[in-house]
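Dear colleague,

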Amino acid sequence: MTILNIDSVSKSFDGFRAINDLNLAIDKGELRAIIGPNGAGKTTMMDLITGRIRPDRGTLFFDTTHDLTRLDEAGTARLGIGRKFQKPTVIESLTVAENIDLALAGPRDVWSALRGPHGKSAVKERARLLDLVRLPDPDLLAGALSHGQKQWLEIAMLLAQKPRLLLVDEPAAGMTDAETMRTAELLRSLAGEHSIVVVEHDMDFVRALDCRVTVLHQGHVLAEGPLDHVSRNPEVIDVYLGR
Ligand SMILES: Nc1ncnc2c1ncn2[C@@H]1O[C@H](COP(=O)(O)OP(=O)(O)OP(=O)(O)O)[C@@H](O)[C@H]1O
């Protein structure tokens, strides 16, 4: 079953085609890596999926029936599309637990969320999420976390909103090797329950994801398949990997 279907999508900025007849389908529960040179259109593709911008032509459907071109960012978020930008946006002056409580409360009253999680199930969910991303001290200020731990906290905050499709932009950037491998392991463990699209340049990380890879070039799919397969493709070597 397909959760995301991008069909013949194009998008130009001032006459420049950032996305050019893009076709991409993500299965339910799939983990997919998107790679490609700078300017290949990866961010523009994420912006199209989340309703931040609209295509000039083509269709984007979520879960078969939901036309994403009719929704804005709030609408796609309500449908269950969660996006994690490259830089962590956790609130550094709050504790790890308070950050999670805010995410669990969603758009509800911030002040009541900061008085603690509501009910036993919220306490349990907070513990489950912190366990999942291996953050042992809920009382630590988020500002005291390492860069990798901040990224994991933000992933936990996204998961608090129970997204069905997670879009993750360059999570390994700035991470240590150990954090990078731990992040790959975390995303792999989340696949199945969630569908996940990860944009990344770090090939060790992409290898560790051990998933299907799509190579974007000039707004179009250049190659798709396991990393070993696409990395042998002469065109992929020419425009990206061989550089
Ligand atoms: N709002 C915009 N206005 C004008 N041009 C844009 C706009 N957004 C993107 N572009 C152009 O579209 C092309 C694709 O950009 P995009 O950011 O999607 O690439 P990318 O694959 O994410 O690159 P990177 O790996 O560097 O993040 C680039 O040439 C960029 O300059």
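Of the 243 residues of the protein chain, 41% count as buried, a residue being buried if 20 or more other C-beta atoms, placed from the backbone, lie within 10 Å of its own. Please bear in mind that this is a predicted model, in which local features need pLDDT of at least 70 and side-chain atom pairs count only at pLDDT 80 or more, while totals for chains, interfaces and linings use all residues. Residues are numbered from 1 along each chain as its sequence is written.

The protein chain has 10 helices and 10 strands, which are DSSP runs (helices H or I of at least four residues, strands E of at least two) numbered from the N terminus. Its radius of gyration, taken over C-alpha atoms, is 18 Å, close to the 18 Å from the globule rule for 243 residues, so the chain is as compact as a globular protein of that length; the rule is 2.2 Å times the number of residues to the power 0.38.

The contact (C-beta atoms, placed from the backbone, within 7 Å) is made by Leu129, Leu130 and Leu132 of helix 5 and Ala156, Leu159 and Ala160 of helix 6.

Methods
A residue is buried if 20 or more other C-beta atoms lie within 10 Å of its own, exposed if 12 or fewer, and partly exposed in between; C-beta atoms are placed from the backbone. Two residues are in contact if their C-beta atoms, placed from the backbone, lie within 7 Å.
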